[in-house]
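Here is a short walk through one structure. Keep the 3D view open and follow along.

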Amino acid sequence: MFLRTAWLVLRKDFAIEVKSLEVLTTTLFFAISCVLIFAFAFVKNGQAPEDAAAGILWIAIAFSGTLALGRTFERERYGETLRALLLAPAPRPALYVGKLLGMLTLLAVAELLLVPLIAFLFQAALFSRPLLLLGILGGGTIGFAAVGTLFAAMLVRARSRDVLLPILLYPITIPVIIGGVRGTAALLASPVDEPGAVMWIGILTAFDVVFVTLSLWTFEPLMTE
Amino acid sequence: MSVDFASVQLIDVSRHFGRRRALSRVSLSAASGDIVGLLGPNGAGKSTLITILATLAAPTSGEVRYGDQTAARLGAALRVRIGLLAHELHLYPELSARQNLAFFAALYGLDPRTTVDAALEAAGLADRADDAVSGFSRGMRQRLALERALLHQPRLVLFDEPFTGLDDRAVGIVSDRLRALAAGGAIVVLATHDLDLADGLVTRVVLIRGGRLLSDEAATSGLRARYRALIGAA
């Protein structure tokens with residue numbers, strides 16, 4: 001029942017997104033714009049500053065992810081469909097997992113575009129260790145989306161949700177963002193700092209376990225008015 | 001776990017939002033076959049009461065019993081027996097009528113192949129089944145939302161202002177549906193401002209104001225006069 005409910009929510013969000021393309025296009029547009037602005041600012045005479053790529057990648061992920069979180073839950077606010085989901089006889093944490101999987105898919109698509117774009121514009125060797133890159137991106141994205149999905153669901157009925165979401169989200173996810181930036185920077189070092197990257201993947205995994213567990217534990221009480 | 005009950009009882013239920021008291025020590029009960037009209041002015045606490053009955057909010061104090069059990073004890077299984085139609089219609093406008101119903105049917109563990117077509121027929125939307133809900137009129141959405149709320153044949157049916165924006169024909173359809181539900185053994189709780197529509201439809205009248213229960217009595221004709229006497233005088 002748990003996994004089935006999560007799958008149903010994910011499939012429903014996918015069906016809505018296929019029809020509207022609203023969240024995907026705004027997220028990708030924002031993420032690309034973010035990277036292009038940094039490129040215009042920092043790349044001089046075809047030369048990008050060292051170590052900038054890691055920070056820019058994670059800024060783009062965090063900012064576009066925040067936008068996507070807001071838009072995804074705005075959809076559940078219209079028509080109060082989140083209440084209809086909560087009223088279903090399914091385990092409420094399964095609803096959270098369904099929404100989280102949707103966010104992860106969306107951010108994965110954004111990263112598929114962002115990573116090659118940043119690698120190209122900033123001459124960053126992001127693909128030198130693809131598995132380690134995958135580990136860092138996966139670890140960081142799961143941690144960020146886990147907290148973000150919980151907060152976005154909590155704030156769905158708050159009047160100033162657009163302001164409150166980043167105010168609550170960024171301080172809590174700072175460890176994940178730092179882990180993501182430092183891990184990516186380790187991959188971009190010359191020579192590649194493999195032990196450093198592996199250590200950051202371990203730290204990110206630990207954060208993910210804590211954040212996902214806490215979110216699953218608190219989702220039902222936080223969503224009951 | 002299969003859950004069923006023949007009555008719902010609120011015992012000294014209070015609900016506070018910070019310092020504001022939305023409900024204050026409300027006690028009432030409703031049994032299978034009842035259509036309980038929950039009447040009162042704006043801000044009386046009707047929607048809060050409906051939200052608590054739907055298990056979407058917990059009382060600050062007091063308890064709600066479904067049969068002889070509480071919501072906390074019954075857990076998610078209780079929600080199989082509760083249907084809610086609120087002012088907001090709980091529909092995804094981007095999806096078609098069929099997709100909306102199929103999604104909620106699956107969420108309630110029903111087979112969409114056997115339930116969705118019948119619900120579309122009952123809503124009078126069989127010919128618009130594959131159109132996006134965003135293109136529907138308010139009345140069409142309301143009929144679809146009604147069938148969505150009743151897909152799983154709930155025992156406790158909660159309606160919060162179900163007649164908003166409906167034309168006479170649609171009001172008649174919803175009213176007939178309510179009577180049929182009660183005749184079939186459902187407990188119907190209806191929060192509304194519309195005394196004319198409630199008159200002759202509800203079998204019991206619960207009047208609340210400022211979160212306090214003013215009256216809980218069998219419905220008689222002349223509901224408006226009774227409402228004025230109690231709410232106007234309170």
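Predicted model: local features only at pLDDT ≥ 70, side-chain atom pairs only at ≥ 80, totals over all residues.

Start with the inside. In soluble globular proteins, nonpolar side chains tend to be buried together. The largest nonpolar core here has 148 residues. Six of them touch the most other members: Leu57(A), Ile118(A), Leu158(B), Val188(B), Val189(B) and Leu190(B). Helix α6 of chain A, residues 130–154, gives the most to this core, with 13 residues.

Look at Leu190(B) in particular.

Now turn to where the chains meet. Here 20 residues of chain A are in contact with 25 residues of chain B. On the chain A side, α1 (2–20) and α4 (81–87) each supply at least two residues. The largest share, 7 residues, comes from α1(A). By class, this side of chain A has 10 nonpolar, 5 polar and 5 charged residues.

Follow α1(A) to its partner in chain B. The axes of α1(A) and helix α3 of chain B, residues 97–107, come within 10 Å. They cross at roughly 170°. An angle over 145 degrees counts as roughly antiparallel, so α1(A) is roughly antiparallel to α3(B). The crossing is left-handed. From α1(A), the contact uses Thr5(A), Leu8(A), Lys12(A) and Ala15(A). From α3(B) come Gln99(B), Phe103(B), Ala106(B) and Leu107(B). These residues divide into 5 nonpolar, 2 polar and 1 charged.

Next, some backbone details. A cis peptide bond joins Ser190(A) and Pro191(A), with omega about 0°. Pro191(A) sits in the loop between α7 and α8 (194–223) of chain A.

Chain B has residues with positive phi that are not glycine. Thr55(B) has a phi of about 70°. Thr55(B) lies in the loop between α1 (46–53) and β4 (61–66) of chain B. Is Thr55(B) buried or partly exposed? Thr55(B) counts as buried, because 22 C-beta neighbours lie inside 10 Å. For Glu161(B), phi is near 50°. Glu161(B) is in the loop between β7 (156–160) and α6 (168–183) of chain B. With 18 C-beta neighbours inside 10 Å, Glu161(B) counts as partly exposed.

End on helix α7 of chain A, residues 161–188, which holds Ile172(A). Ile172(A) has 15 other C-beta atoms within 10 Å, so Ile172(A) is partly exposed.

Terms used:
Residues numbered from 1 in each chain as written. Chains lettered and ligands numbered in written order. Core = buried A, V, L, I, M, F, W, Y, C linked by C-beta atoms within 7 Å. Buried ≥ 20, exposed ≤ 12 C-beta atoms within 10 Å, placed from the backbone. Helix = DSSP H or I, 4+ residues; strand = E, 2+ residues; numbered from the N terminus. Contact = placed C-beta atoms within 7 Å. Nonpolar A, V, L, I, M, F, W, Y, C, P; charged D, E, K, R; others polar. Axes fitted to C-alpha atoms, helices over the stretch in contact; angles between N-to-C directions. Parallel < 35°, antiparallel > 145°, perpendicular 65-115°, else oblique. Left-handed = near helix turned anticlockwise from the far one by under 90°.
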